[in-house]
Amino acid sequence: MITLSIIKADTGGYVGHSSVHPDMLAAAQDALATAVSDRLLVDAQVASCGDDISLIMTHEHGADAEPIHSFAWDTFQRTTEIAKRLGLYGAGQDLLSDAFSGNLRGMGPGYAELEFTERPSEPVICFLADKTEPGAWNLPLYKMFADPFNTAGLVIDANMHAGFRFEVYDLHEEKKIWFDCPADLYEMLMYIGAPARYVIHSVRSKTLDEQAAATSTQRLSLIAGKYVGKDDPVMIVRAQSGLPAVGEVLEPFAFPHSVAGCMRGSHHAPIMPVAIGQAHPARFDGPPRVTALGFQVRDGKLIGPRDMFDDPSFDRARSTANEVMDYMRRHGPFEPHRLPLEDLEYTTMRLLEERLAARWEPMAPAPLPVPAQ
Ligand code: 13P
Ligand code: 13P
Ligand code: MG
Ligand code: MG
Ligand code: MG
Ligand code: MG
């Protein structure tokens with residue numbers, strides 16, 4: 001068994017929240033190279049999307065493993081030091097705790113981990129996003145693994161006819177449920193259509209009895225109790241041979257769906273699929289970006305990445321995203337561009353309600369109805 005882990009954190013932005021400084025990426029790459037030569041990791045690469053650093057690692061320690069998580073934590077401490085020295089924006093932004101204890105759960109960094117027995121050919125896509133949250137993966141995962149109009153394999157490949165099981169987390173109440181699709185499709189959509197609260201954490205093939213996808217699923221604001229930026233998410237999807245083909249895994253992103261995030265993590269905006277070199281959200285700290293790094297995993301080695309959205313066939317998605325961005329921006333501070341109040345509760349509303357409490361007056365009571373004669 002091999003485990004593919006992506007562990008990510010925003011440890012400082014260059015400039016503002018738009019990108020990661022090259023010195024930070026170099027330090028992270030150094031740390032990864034040392035961990036590979038020390039045999040903690042089988043293979044590893046650093047990547048970034050916007051202001052978030054992703055450590056893409058293969059190893060034999062399984063998910064939630066102490067040595068892997070503590071290595072990532074230490075690496076993010078090092079990149080934070082550089083960010084502090086250069087005065088970068090929000091140095092150590094996603095490191096919410098002072099000390100590491102066991103694993104990264106509830107500590108700020110996000111992680112998606114997928115344990116599997118390597119097939120003779122193992123194509124894997126690592127998706128990295130910035131300026132949005134884990135619920136942004138709900139719609140594309142639904143399309144990849146449950147929608148035959150996206151995934152021809154659901155119709156054509158007999159190994160996919162039994163369908164897929166989706167593990168969904170309730171981020172507000174810390175509970176989870178498995179939906180068995182296609183039987184539970186409609187019930188599942190009722191939940192995952194509310195991606196601020198219900199988030200797909202993993203997907204399994206029923207025929208292969210194998211995990212096919214994993215997402216980073218946590219909410220920083222619910223950990224910190226205040227606004228600390230968005231939990232810009234990552235996702236791992238395995239492809240082909242009884243799973244969606246690579247092109248079926250990428251196809252949902254031809255529709256730049258609206259996600260929560262963008263400026264101050266407080267706006268709906270379209271998610272734009274981009275080449276790695278274009279993943280530096282600048283306009284209104286957006287629009288939110290997603291990149292797709294394709295790998296063939298061989299003996300645990302990461303053969304790649306191929307920059308999958310560096311493809312003119314996604315030009316129209318990018319141009320639609322720009323059009324939608326113009327349209328949404330014209331709403332300024334009005335919904336539905338601005339997030340609904342319940343999703344802003346950790347930012348401004350609590351403070352504002354305290355400040356204005358004394359100024360709210362009750363309405364004059366309605367006149368009593370005149371009794372019938
Ligand atoms: P090839 O015949 O090019 O390998 O394509 C097969 C396939 O699975 C395409 O999705
Ligand atoms: P990040 O979560 O990417 O740091 O974004 C925070 C923000 O407020 C952007 O405007
Ligand atoms: Mg940031
Ligand atoms: Mg970010
Ligand atoms: Mg963030
Ligand atoms: Mg072929």
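How do the axes of helix H1 and helix H2 cross, and within what distance do they come? Here are some notes on that and a few other spots; keep in mind that this is a predicted model.

1. Start with the helix pair. H1 covers residues 22–37 and H2 covers residues 66–85. Their axes come within 9 Å and cross at roughly 150 degrees. Because angles over 145 degrees count as roughly antiparallel, H1 is roughly antiparallel to H2. The crossing of H1 past H2 is right-handed.

2. Now look at who does the touching. From H1, the contact uses Asp-23, Met-24, Ala-27, Ala-28, Asp-30, Ala-31, Leu-32 and Ala-35. H2 brings Phe-71, Thr-75, Arg-78, Thr-79, Ile-82 and Ala-83. Sort the residues of this contact by type and you get nine nonpolar, two polar and three charged. As you trace them along each helix, remember that an α-helix has 3.6 residues a turn, so residues three or four places apart point the same way.

3. The buried ones are Asn-138, Pro-140, Leu-141, Tyr-142, Met-144, Phe-145 and Ala-146.

4. An unreviewed UniProt entry lists Asp-231 under "binding site". You'll find Asp-231 in the loop between helix H6 (220–224) and strand S10 (234–238). Is Asp-231 buried or exposed? Its relative accessible area is 5%, so Asp-231 counts as buried, the cut-off being under 20%.

How values were computed
Residues are numbered from 1 along each chain as its sequence is written. Chains are lettered from A and ligands numbered from 1 in the order in which they are written. This is a predicted model: local features need pLDDT of at least 70, side-chain atom pairs count only at pLDDT 80 or more; totals for chains, interfaces and linings use all residues. Side-chain values use heavy atoms; hydrogens and water are left out. UniProt positions are given in the numbering used here, feature names are shortened, and annotations may be inferred rather than shown by experiment. Helices (H or I, at least four residues) and strands (E, at least two) are DSSP runs, numbered from the N terminus. Buried means under 20% relative accessible area, exposed over 50%, partly exposed in between (1.4 Å probe, protein chains only). Axes are lines fitted to C-alpha atoms, for helices over the stretch in contact, and angles run from 0 to 180 degrees between N-to-C directions. Angles under 35 degrees count as roughly parallel, over 145 as roughly antiparallel, 65 to 115 as roughly perpendicular and the rest as oblique. A crossing is left-handed if the near helix is turned anticlockwise from the far one by less than a right angle, and right-handed if clockwise. Contact means heavy atoms within 4.5 Å. Ala, Val, Leu, Ile, Met, Phe, Trp, Tyr, Cys and Pro count as nonpolar, Asp, Glu, Lys and Arg as charged, and the others, Gly among them, as polar.
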